[in-house]
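Have the viewer open and follow along.

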Amino acid sequence: MCHEQWALTMINLLRFFVLIIFKTSLESGILPQKWKSANVVPIFKKRTRNYRANYCPVSLTSVPCKVMESLIKEKLVEFLEKHNIISNSQHGFMSGKSYLTNLLESLECWTKALDDGYGLDIIYLDYRKAFDNVPHKRLIKKLKTYGITGCLRKWIESFLTSRKMKVGIRGTFSEEIEVMSAISGVPQGSVLGPLLLLLFVNDLPRWIVNSMNMFADDTKLWCIIENESDSKSLQKDLDSLANWSQKWMLEFNFSKCKVMHVGHKLNTKYLKNDTDGDMELSAVQEEKDLGVLFTSDLKASTLCTKSAAKARRIIGMVRLNFKRLDKNDFLVIYKTYIRPHLEYCIQAWSPHLIKDIQCLERVQKSATNLIPALKKYNYIDRLKKLGLMTLQIKRVRGDMIQVYKIMTGKDKIDREQLFQLADSNYALRGHSLKIRKDRRHLDIRKHFSRKRVVNTWNKLPQHVVDAPSVNSFKNRLDN
């Protein structure tokens with residue numbers, strides 16, 4: 001037997017043994033103890049580095065366990081989507097949904113309210129260590145109500161309990177100990193953990209009457225403020241969520257929950273009833289929502305300034321640590337570390353003021369000067385030689401790609417909420433997916449994604465919007 005045949009035989013034999021282990025584990029509802037032993041790595045989150053609460057523990061579990069988790073998650077998500085179990089307000093860890101779809105849906109409601117002459121109050125909620133505090137018995141109870149029973153439920157219960165861990169820092173590990181939270185918590189860093197958390201908070205929208213959007217445990221709710229009774233309605237929702245928190249034993253950290261008043265001057269105070277007395281939610285003028293900084297006027301100027309500042313700091317670090325850069329090295333560094341700061345979720349907050357557009361463009365212009373061989377060329381020629389485009393053109397391209405995903409159902413977002421198809425007579429003069437234009441009053445609405453993209457999208461030829469896939473659409477659009 002030749003070496004290649006022997007290797008293929010061994011691979012097939014290994015696959016067979018792994019299949020036996022997976023099948024036995026699922027049918028018995030028991031995981032091997034080695035699969036439940038984790039190396040915990042502390043990941044720094046924010047603030048000071050010498051305070052342990054500012055680190056997030058991530059569990060690095062065995063590869064075979066992750067593979068089996070992936071197989072279970074795939075079938076579980078298929079089951080959940082087939083029976084429409086996941087709330088439409090949830091955008092986390094679901095195919096066709098993302099940070100961007102969450103922000104686009106939210107901003108559509110917010111900008112429409114402002115354009116109609118109303119204000120709104122947005123409450124940002126914060127759980128108290130959500131991953132660590134999900135109670136196992138209540139989670140299993142919820143899984144049963146969703147139809148997850150039998151061997152799979154038993155397997156998930158075994159997956160959550162009797163876990164061991166050891167902490168590793170810079171290659172040094174502590175002694176292995178049994179996880180103290182035997183009755184609560186889902187392992188961070190696992191494949192199934194985020195989905196289990198998502199299922200635990202899935203019923204949250206049923207407890208409120210106003211609007212809500214979630215990305216796993218990141219939750220915000222809002223109410224359009226026409227009169228004082230609307231504020232009372234939002235306060236009732238807050239009270240209902242506090243009751244949910246007590247019932248399901250997943251506490252909100254109300255000291256970190258915040259309210260942002262947008263488009264009105266009512267200084268409404270929202271309270272959380274606590275055993276120690278009423279706790280008032282702090283009002284803020286700006287808040288970071290899924291990585292995007294929003295201000296109370298919903299304008300992009302502050303975000304543009306801060307994004308540009310972050311990117312410039314990276315450019316400064318590159319300039320100090322790299323004496324000479326060629327084209328290939330620059331493109332890797334620029335696309336990986338610099339440009340993401342300038343275009344993260346840009347379809348949701350794309351700037352329209354000239355000063356903001358130029359603020360971002362100057363950063364890319366400065367970055368291209370890192371290559372000594374290209375300094376003799378002007379900015380546009382440098383971009384051509386690097387195969388880049390201006391950020392403004394790239395934003396238009398990104399807008400078209402996002403509209404294509406929404407219009408063709410590749411992003412699972414309510415298309416009618418964002419775009420309405422033009423009537424048949426208007427559509428005859430162009431492609432079949434033309435978008436209807438409607439009136440708007442304020443710049444904030446005029447330059448929001450829904451309005452900003454209409455003219456450009458409607459001018460695209462039929463063969464471009466008929467692209468069968470996103471990559472095909474990109475190629476046809478570029479050509």
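Which residues of α9 are buried? They are Ser301, Leu303, Cys304, Ser307, Ala308, Ala311, Ile315 and Val318. Look down the axis of α9 and these buried residues fall within an arc of 150°, so they line one face of the helix. As for what covers the buried residues of α9, the list includes β14 (292–295), α10 (327–343), α11 (346–349) and α12.

Before going further, a word on confidence. This is a predicted model, with a mean pLDDT of 85 for the protein chain and 95% of its residues at 70 or more. Among the chain's elements, helix α12 (residues 354–368) has the highest mean pLDDT, 93, while helix α16 (residues 424–427) has the lowest, 57. Where pLDDT is low, the predicted coordinates should not be read in detail.

| Helix | Residues | Length | First to last C-alpha | Expected span |
|---|---|---|---|---|
| α9 | 301–321 | 21 residues | 31 Å | 30 Å |
| α3 | 99–115 | 17 residues | 24 Å | 24 Å |

In α3, 14 of the 17 residues are buried, so this helix is largely enclosed by the rest of the structure. At the start of α3, a side-chain oxygen of Ser98 comes to within 3.3 Å of the backbone nitrogen of Leu100. Just after α3, Gly117 adopts a positive phi of about 95°.

Note on methods: Residues are numbered from 1 along each chain as its sequence is written. This is a predicted model: local features need pLDDT of at least 70, side-chain atom pairs count only at pLDDT 80 or more; totals for chains, interfaces and linings use all residues. Side-chain values use heavy atoms; hydrogens and water are left out. pLDDT is the predictor's confidence in each residue, from 0 to 100. Helices (H or I, at least four residues) and strands (E, at least two) are DSSP runs, numbered from the N terminus. The expected span of a helix is 1.5 Å times one less than its number of residues. Buried means under 20% relative accessible area, exposed over 50%, partly exposed in between (1.4 Å probe, protein chains only). The arc is that of the directions from the helix axis to the C-beta atoms. Contact means heavy atoms within 4.5 Å. A polar contact is a pair of N or O atoms within 3.5 Å; within protein, one must be able to donate a hydrogen and the other to accept it, and residues adjacent in sequence count only if both atoms are side-chain atoms.
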